[in-house]
Amino acid sequence: MDDDILTVQNVNKTYDSGHTALKDVSLSLHRGEILALLGPNGAGKTTLISIICGIVRATSGRVAVDGHDTVHQYRAARRMIGLVPQEIVLEPFESVYDTVRYSRGIFGARPNDAYIESLLKRLSLWDKKSAITKELSGGMKRRCLIAKALAHEPRILFLDEPTAGVDVELRKDMWDTVADLKTHGVTTILTTHYIEEAEAIADRIGVISDGRLLLVEEKASLMKRLGRRQVRLMLTAPVNTVPEALEKYGLELGPDNSLIYNYNEDEPQVAALLADLSAAGFTLRDVETQKRSLEEIFVELVRSANGDGA
Amino acid sequence: MNWRGVWAIYRHEMLRGLRTIGQSLISPVITSSLYFIVFGAAIGSRIDVVEGVDYGSFIVPGLVMLTILTQAVSNAAFGIFFPRFIGSIYELLSAPLSYLEITIGFVGAAATKSLVIGLVILATATLFVDLQIDRPVMMFVILVITCIVFSLFGFIIGIWAKNFEQLQMVPLLIITPLVFLGGSFYSISMLPPFWQTVTLFNPVVYLVSTYRWSFFGEADVNLWFSSAMITLFVALCLAVIWWIFRTGYRLRE
């Protein structure tokens with residue numbers, strides 16, 4: 001069995017208005033993983049998801065879900081996909097149970113009350129099954145949308161900005177839900193512009209900007225490759241220049257009698273630096289370490305992609 | 001065919017109708033009763049007969065047509081417009097449903113609802129007039145065809161409309177005048193020759209005429225010509241719907 005459950009090949013999208021939303025995007029999604037697609041507003045995240053789900057037509061390129069072409073074999077492809085949209089769009093006077101059963105029905109799945117019951121219980125919605133969606137809280141509405149997306153037992157779940165505009169508690173709640181879905185074997189792709197969201201739950205990170213997919217990489221390897229660390233060495237005595245014996249470390253002078261050392265995670269020389277510092281006659285008052293966040297990596301990637309050298 | 005999907009849409013739309021059953025059924029019944037009282041009893045008592053039929057009975061087919069045409073268009077238009085308006089259309093567009101299946105689901109439900117209303121109006125009519133139906137099977141068949149045809153038309157309106165104003169504009173400003181001017185309350189032969197010719201451009205004339213024939217055995221327009229015109233209207237609606245889905249007009253992008 002192929003490890004990739006989704007393949008996107010050279011997809012381009014230009015809208016009738018002339019706006020080019022996607023430029024030669026290619027992407028693969030591994031079974032059971034959580035992929036976070038990061039990008040600023042208007043980067044093309046929603047267009048990409050909409051093309052995969054069949055809501056928007058690509059200008060060129062091919063998308064296949066578990067080997068099924070989304071245009072020519074759309075029935076087989078779409079049965080494997082569940083989509084949670086960015087906006088809360090629920091029929092206001094329909095009950096939670098009815099709206100979930102409707103979603104299962106339009107995807108052609110056989111009626112299965114036991115499955116819907118287990119799904120609603122898993123999403124803490126069973127107590128509200130008879131409530132009309134208009135009466136639900138914001139968090140419950142989001143969960144109801146997830147229940148609708150999972151109603152036909154898809155293998156891939158698309159979450160388009162699942163925590164846009166929600167409070168911290170609800171965001172954490174949503175992360176737990178996504179993690180729980182992973183344990184049930186659901187492959188998830190989520191778009192977000194919240195970096196901490198990607199950092200918290202994703203296995204791989206994709207960065208999209210101005211319609212181009214800049215990278216897709218394992219989160220751990222991305223952080224290791226681009227996530228520089230910094231050590232600030234605060235000294236007891238004043239220091240005006242970087243000592244000659246420590247020049248090979250590329251230190252910078254910092255505030256408050258300190259020296260700053262930047263290094264990559266895969267080539268640490270902190271122990272040697274501390275030994276040389278001591279040999280040079282300096283005494284440490286304190287040490288502070290910092291790790292470059294995913295947000296800083298993301299900003300740098302987007303800036304360099306846009307030709308901004310800052 | 002994704003018949004489960006078709007059934008899900010049909011059931012969903014029928015449940016929406018049940019949620020507003022008062023508005024769906026009581027309102028047309030009251031309106032029709034008022035027509036019977038005003039046209040049938042008050043004005044009709046001063047009119048002898050039209051084409052050999054008591055005036056109160058004569059207006060029944062036209063009144064049923066007026067109601068089901070308005071209801072079919074409104075129900076089908078609202079059915080597809082509402083998910084577009086609130087954004088939940090994404091779910092239908094991402095489901096493994098063909099365009100035909102989506103159309104069957106929505107149009108089938110709208111046609112069923114308007115058919116039920118039409119039958120209720122007929123039942124209401126028996127309270128006011130002695131109802132004569134020469135060809136009950138044909139009467140039912142024409143009723144069903146009319147419900148389907150105008151539900152198809154309403155479905156197009158629901159996709160075309162950008163807002164609620166446009167959604168209501170067609171039933172109010174086009175359907176109602178066409179029905180009133182389509183011989184619902186009079187015989188075409190009562191008009192001067194010039195206006196008789198003009199009336200033939202009104203598609204509702206053929207429906208009312210054919211429907212009245214099933215009641216009283218008399219038609220304003222030749223039956224075969226009427227059938228041809230109705231078929232042409234169905235073909236036109238189907239062609240427009242096919243074009244809408246093929247191009248994604250107001251549904252995708």
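Figure 1. Buried residues make up 39% of the 310 residues in chain A, where a residue is called buried if 20 or more other C-beta atoms lie within 10 Å of its own, exposed if 12 or fewer do, and partly exposed in between, with the C-beta atoms placed from the backbone. The model is predicted, and local features need pLDDT of at least 70 while side-chain atom pairs count only at pLDDT 80 or more, although totals for chains, interfaces and linings use all residues. Residues are numbered from 1 along each chain as its sequence is written, and chains are lettered from A and ligands numbered from 1 in the order in which they are written. Chain A has 10 helices and 14 strands, these elements being DSSP runs numbered from the N terminus, with at least four residues of type H or I for a helix and at least two of type E for a strand. The radius of gyration of chain A is 24 Å, well over the 19 Å that the globule rule gives for 310 residues, so chain A is more spread out than a compact globule; this radius is taken over C-alpha atoms, and the rule is 2.2 Å times the number of residues to the power 0.38. The C-alpha trace of chain A spans about 75 × 45 × 40 Å along its principal axes. Of the contacts in chain A with a separation of 6 or more, 71% are accounted for by residues 24 or more positions apart, a contact being two residues whose C-beta atoms, placed from the backbone, lie within 7 Å.

Figure 2. Helix H5(A) has 13 residues, 138–150, which at 1.5 Å a residue should span 18 Å, and its end C-alpha atoms are 19 Å apart, which agrees; the expected span is 1.5 Å times one less than the number of residues. An α-helix has 3.6 residues a turn, so residues three or four places apart point the same way. H5(A) is mostly covered, with 10 of its 13 residues buried, among them Met140(A), Cys144(A), Ile146(A) and Leu150(A).

**Figure 3. Strand E7 of chain A and its parallel neighbours.** Five of the five residues of E7(A) are buried, and both of its faces are covered, with Ile156(A), Phe158(A) and Asp160(A) on one side and Leu157(A) and Leu159(A) on the other. Strands of a sheet pair through backbone hydrogen bonds, either parallel or antiparallel. Here E6(A) and E7(A) pair in the parallel sense over four bridges, two strands being counted as paired if DSSP finds at least two bridges between them. Five bridges join E7(A) to strand E8 (residues 187–192) of chain A, and these two strands also run parallel. Leu157(A) is the bridge partner of Gly82(A), and Leu157(A) also has Thr188(A) in E8(A) as a bridge partner.

**Figure 4. An open sheet of four strands in chain A.** The strands follow the order E12-E13-E11-E14, with antiparallel pairing. Strand E12 (252–254) and E14 of chain A stand at the edges, each with a single partner strand, so one side of each is left without a neighbour in the sheet. Neighbouring strands of this sheet are turned by 25° against each other on average, direction ignored, the angle being taken between axes that are lines fitted to C-alpha atoms, where angles between N-to-C directions run from 0 to 180 degrees. Strand E14(A), residues 284–291, is hardly covered, for the count of buried residues among its eight residues is zero. Strand E11 (residues 229–235) of chain A pairs with E14(A) in the antiparallel sense over seven bridges, and along this pairing Val231(A) stands opposite Thr289(A), while Leu235(A) has Leu284(A) as its bridge partner.

**Figure 5. Chain B and the side that touches chain A.** Chain B contains 10 helices and two strands, and 44% of its 253 residues count as buried. A compact globule with 253 residues would have a radius of gyration near 18 Å, and chain B has 19 Å, which agrees. In the contact between the chains, 23 residues of chain B meet 26 residues of chain A. Helix H1 (3–19) and helix H4 (89–93) of chain B are the elements that give two or more residues to this side of chain B, and H1(B) gives the most, with eight residues.
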